[in-house]
Amino acid sequence: MFVSKNLSVNGENHLMIGKNDAVGLAKKFGTPLYVMDEEIIRENCRVYKEAIDKYYDGNGLVLYANKAFCTAWTFRLTAEEGLGADVVSGGEIYTAKKAGFPMEKVYFHGNNKTRDELVMAVESGVGTVIVDNRYELDVLNDIARERGVKQKIMFRIKPGIDAHTHDFIRTGQIDSKFGVALENGEALEIYEIASKMENVIPDGLHCHIASQVFEVEPFCEAARVMMEFAAELKDKFAIEINELNLGGGFGTRYVPEDDPIPYDEYIKAVSEVVKETAAQRGIKMPFMLMEPGRSIVANAGVTLYTVGGVKDIKNIRKYVSVDGGMGDNPRYILYQAKYSSVVANRAGDAATDKVTIAGKCCESGDLIAEDIMLAQTKPGDILAVLTTGAYNYSMASNYNRIPRPAVVAVNGGEAKVVVRRETYEDIIRNDVF
Ligand code: LLP
C-alpha cells in the first residue's frame, strides 16, 4: 500500500512507522519532524555489503555517501555496519571525527576542496582523497610533504556517460565541473604526474555518473570505461590501479510508479563487467568501492507536519498548508521532485481529494507536492510525507528564519532524538548584536 515497506496502518487508522504510531511521534516530539527508521538503514547497508561478498568475493567496500543525510548518528550507524564513508566537506570530516568514525575508511570528495579542508583531511588521517584536478594535486602534495606523510589518493574521472533516470547516453561529457576527462588525455597525464610525486600515492580511479538512476547498464558501461582506462595506464606507464570506485546513484522509489532495481543487481552486474574486463585486458581485479547515498537512507525517512489552513479556491486548486516546506524539503522547488503523502491520523482513508501541499515560506514556489490525491484534510491533521530520508535534512535551510526540525530515530518501538530541534536562540547564534 505504501512506497516503503516499514509503513502500515494500525487499528486506530494511524500511520505506523515500524512499530511507532506517527501521530504519537508528532505529539511527543512536535512537528515538523524528520523520522528515520534505523532498521531500514541497517538493512539497506547489508544488502550492498552482502552483494559485494556474494558477487565480488568480498573484495570491496561500501561507502555511505553522507551528503544524503549526515549526522553523528549516521556515522556511528554506518561504522557499526562496517561501511566506509564518502565525505565532501570539512564539515562532514569534522562530524566523522567527532563521531569516532574510522578515518582510514573515509574518502574525501569535492571539485574545489579548500587548502584548509585538505589540511584537515591529512591531519585527521582521512584514508583517501579523491583528487579532482591538477591544482588540488599540487596543493595536496605540498601539504603532505610539509607534514612528512604520504597521502593515498584516487582520481575523479569523467567517464563520458550521461545517465538520466530512464536513459543514458555516451557523450564526450567533458563539460562537467567534476574531475578530469579521458578523451583529451587529461586523466592519463595527471595520473602519470602523480605517480612521480613524493607525497601522494595514486591508488585508483573514481567516477560517479548520476543520481536516481533506474538502470543497470549505465553503471556497467562506466565500469567498462574505467577498466579500459586502467588497462591503458598499465600499457602506457606500467601503472596498476588497486582500487576502483564506481560512485553512487542507485534509484529509490518515491511514488508507486518508480521501479528501482534491487540494489544487489547493480553490484552483480558491475562485478561481472569488472571481472570480465580484467581478464580480457590482463589487469588485476581492483578492490571495488560503491558510494550509495539516497538508496541507504531515503526510504528510511518520513517527515511529519501539522496541517494549518486549508484553502479551497473553487475551480482552481485546493491548498493544504503545512508547518514546514522548502526549508526542510527543498527538493520540490529545486527539482519538482515527487513524493507520496498520507494523512497520518486517517492513514487508511481513501485518497479522494485533489490537493496541493504548500509550505509556510514567503515564496509561491514553496510547495511539497502539486495536485496529488489525499484523504480529506482539516487543520490539525498530521501529514506524513514519505521517503524523505535523503537530501531533505542535509539540504535544509533556515530560510525565513524558520528553525530546522528535529530528527528522531526509531528502532523497534523505541524513538530517540538524534538531532535536536533548532531553537530561536540557535537561529541568532551567529548574529552580532
Ligand atoms: N558519490 C558522489 C561522488 C556523488 O556526487 C554522489 C551524489 C553520490 C556518491 C551519492 O549519490 P546517490 O546514491 O545519493 O544518488 N541533491 C540531489 C542529489 C545530488 C547528488 C549529488 N551527488 C537530490 O536531492 O536529488
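Colleague: Which residues come nearest to the ligand, of the 18 residues around it?

Modeller: This is a predicted model, in which local features need pLDDT of at least 70 and side-chain atom pairs count only at pLDDT 80 or more, while totals for chains, interfaces and linings use all residues. Residues are numbered from 1 along each chain as its sequence is written, and side-chain values use heavy atoms, with hydrogens and water left out. A residue is near a molecule if one of its heavy atoms lies within 4 Å of it. Of the 18 residues around the ligand, those that come nearest are Ser211, Glu291, Arg294, Arg331 and Tyr391.

Colleague: How far is an oxygen atom of the ligand from an N or O atom in the side chain of Ser211?

Modeller: A polar contact is a pair of N or O atoms within 3.5 Å; within protein, one must be able to donate a hydrogen and the other to accept it, and residues adjacent in sequence count only if both atoms are side-chain atoms. A polar backbone atom of Gly293 lies 2.9 Å from an oxygen atom of the ligand. For the side chain of Ser211, the distance is 2.4 Å.

Colleague: What percentage of the ligand's exposed area does the protein bury?

Modeller: Accessible areas come from the Shrake-Rupley method with a 1.4 Å probe; for residues, only the protein chains shown count as cover. Taken alone, the ligand exposes 590 Å². The share of this that the protein buries is 85%.

Colleague: What is the area buried between domain 1 and domain 2?

Modeller: The domain bounds, from an automatic or database domain assignment, are 7–37 + 298–427 for domain 1 and 109–292 for domain 2. Buried area is the accessible area (1.4 Å probe) that two parts lose on being put together, summed over both. Carbon and sulfur atoms give 54% of it here, and the total is about 550 Å².

Colleague: Which three residues supply 57% of the area that domain 1 buries against domain 2?

Modeller: Their share is more than that of any other three residues. They are Lys338, Ser340 and Thr387.
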